[in-house]
Amino acid sequence: MRDTPKWQRPIEIPPEAMAADPAEHPPHQPARDIPLDKAQTVEDDTSLELPPSPPQSNVRSRGWLVPLLGTLVVLAIGAELYRLISWSISTHPLLGGAFSLLTLLLMLVVGIEIRRGLSGSRQLRQVQGLQQQAEALLQQTSHGDSTALLHQLEQRYHHTALKNELQGAITQLDSSYNDREIIQYLSRHALNQADRTAQRCVQRYSVESGVMVALSPWASFDMLLVAWRNLRMIREIATVYGIAPGLLTQGKLLKQVLQNLAFAGASEVAMDAGSALLGSSLTSSLSARAGQGIGAGLFTARTGLMTIKLCRPLPEPDRPKNMLQQIAKGIVHRLTSGKPETGTDRK
Amino acid sequence: MSIPNKLGGLIRQSGLTDWPEQLKMSVERGMEQRVRLAVTGLSRSGKTVFISALARHLLQSEQGRSLPFFAAASEGRIVATRDLSTESPSPFPLQQCLAGLQASPPHWPNSTEALSEIRLALRYRRKPGLGRALGEHSTLYLDLIDYPGEWLLDLPMLTLSFEQWCKQQQALFASLPRTEVAADWIAQQSGIDWLAPAPEGLRQRLTERYRSLLQQLREPPYNLSLLQPGRLLMPAELAGSPLLDLFPIIQNWPEAPENADTNSLFTQLQQAYNDYCEQVVRPFYRNHFRHFDRQIVLVDCLKTLNSGESCFNDMQLALTTLLHSFQYGRNSLFRRLFRPRINRVLFAATKADHVTANQHHNLDQFLRLMIEAAQREIRFEQVETRCLALSSLRATEAAQARLDGQHLSCLRGHRKDTGEEIALFPGEVPTELPRAEDWNSDRFRFVDFAPRPLPAGTLRPEHHIRLDQAIEYLLGDLF
């Protein structure tokens, strides 16, 4: 019994039997002369090339989610307030007056907060724009392209505490500097004071939150503590760099910071891990809780440094490498010197 | 005569007394606390001005004002700087140079005629971090030497025999403008039988003519660089010495040099060449040109643009052959202790103040063109290199002019030759090698400017262009 095999046997096909594939052999173009005046030199014009636009989010429904939800909440609160006020007025006019006044005040406060938040997020966008321009200028050795950026910087920080130092640095710019040198110079010399204040702020908050976590008796309480300290720190840093503090701004900054931290480059992670390692070697003589404290402190410090990076209008010259180590040491120092009785839970 | 005395004499003779000093220097070098910076440049490329300006700015660096891109100074970590040149047998005439630049009207230093040394000690605070464990303060010793640029071109002669050198010179004298200028001298040579006993005074006469030829080629409009032997142009203490009666044989090179008479010109010249290399060039090289750690090569690009293609080619050749005399490579700790090599090189186009600021980038590119070959060889040794347009002492002010309805940036300064004040747009520096017909057109007019007076008090960043970046690149990692 012979079954036909499932595979096909090799067959030799004669060349004549092959069907001509028009796609593979297009009719060739004959050579010909072209008059010189008709030939135009091909210019490599790269200026027309558009930069690739970021991919559009194709989840359309998400765009509607927030406004719809917002409207619903606002309507519900409004209706509820209306019912409350009408009920209180019908109960007693004095009670009604009190409730109306309260509602008015609340609306005023919310309005102010919203306005602040909006201006804060506008300022954040401006800062991001400035950062992008500065990054672009750092790549080129042209001359005079940075004038627009300088003008924007001056305008942006005209009413802030940074104004004096910034203007001092701008007037000291040498006429021979090219754009890259201008950015490097400003980045080093125009924001010294703000940088120092911000870094001190990061250090203080990190050590504080580290010590608090190390000493707090309830584990679940730690998270709240760290969150609270982090938010305070973000607000303070934003103020230092002349960004209007507000709940909205704070939230937006926190979101960006966390995003950036989540996608931090491998090198940064390795560096931070190194300092964390150092921290743990320091704490092996202390206790597990102290180790947690150092972890929390380092997290706060990283958040703070990222906030500085986001709020600073110019790219950072070079990050203080050993800052995280110093913070770890600071926490240990506080724990050992400030609270000698922790010696009891040493392992 | 006691035994201790004898021993003492022996020790002195063998140089053992220098050992502690040498050991100390080696250790300091190993700790990267002693740096020898090679300031390399052909004659009139601005070595003396560079060294004076560098020393002047570093001596003031504790104020942290004038060098914003030199991180150690602008962060205020430099405590003070001391000039230790007086310890050297031939100190660099810093005060004299500065006095000339501070006078009214100020003038550039005279061309250097002898070797001199400058040593600076910089006391600084270490960066916060692990290094602080070694102590908060540390000192960096910086050694520089100044010398006539002409002498530098003798260094490549060390690797050549007399015959090779003559062949090289033949090739050089076969092209313009040397052929034209030296026509009579070459003709004179063609009638000479090199192997026969020479008449009295012929060698001296030919040398004299050769010397004036070299001087002529060095001056405008030729501005050539590759002129050997350099001591003919700048003899210093060797003036009138028979060692300098030396010139290459260009015409009818003898077929059988081994048959030369002991009194022939050929034997005399060969002997003079070998003596010159061994007694003049080699000590100069051995005592001053080994053991550098960092190097800055100063190049005057504008001179070549003003004087044309032959000047460009000659300078390019001179720089490429010259840089073969230095040792490049990375330093291990052991190597740093005993035989350091140059591990960082900065190529600097000087006179950046003689072009408008928007041309600095082009000047940079043009410098790259000139040193392309040299840079490639240095890179091969995995040594960092960088190009920079700088001006150690700024002679001009940037200005704006309104011509035909559009703004034009230009320079204001005093002419070096007449001293009158001019405003000038000197033209654009080409970023590619200009074509033959572009060289002598009206495309550029780079004028030599007289210096602006240097204040006796505090210096500011506008007294130099990118000198601070040069310092940061060359020395910044040591602080």
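This is a predicted model: local features need pLDDT of at least 70, side-chain atom pairs count only at pLDDT 80 or more; totals for chains, interfaces and linings use all residues.
Residues are numbered from 1 along each chain as its sequence is written, chains are lettered from A in the order in which they are written, and side-chain values use heavy atoms, leaving out hydrogens and water.

Strands here are DSSP runs of E with at least two residues, and helices are runs of H or I with at least four, numbered from the N terminus. Two strands pair if DSSP finds at least two bridges between them. These are the antiparallel partners of S9(B), residues 406–415:

| Partner of S9(B) | Bridges | Facing residues |
|---|---|---|
| S8(B), residues 397–403 | 7 bridges | Leu403(B) and Gln406(B) |
| S10(B), residues 421–424 | 4 bridges | Arg412(B) and Ala423(B) |
| S11(B), residues 449–450 | 2 bridges | Arg415(B) and Phe449(B) |

S9(B) and S10(B) also make a hairpin, with 5 residues between the strands, where Gly419(B) takes a positive phi near 85°.

Now to the nonpolar cores, sets of buried Ala, Val, Leu, Ile, Met, Phe, Trp, Tyr and Cys residues joined through side-chain atoms within 4.5 Å; buried means under 20% relative accessible area with a 1.4 Å probe, protein chains only. The largest core has 91 residues, and Phe347(B) and Trp185(B) are among those touching the most other members. Helix H12(B), residues 265–288, gives the most to this core, with 11 residues. Apart from it lies another core of 55 residues, including Ala134(A) and Ile327(A).

Note on methods: Buried means under 20% relative accessible area, exposed over 50%, partly exposed in between (1.4 Å probe, protein chains only).
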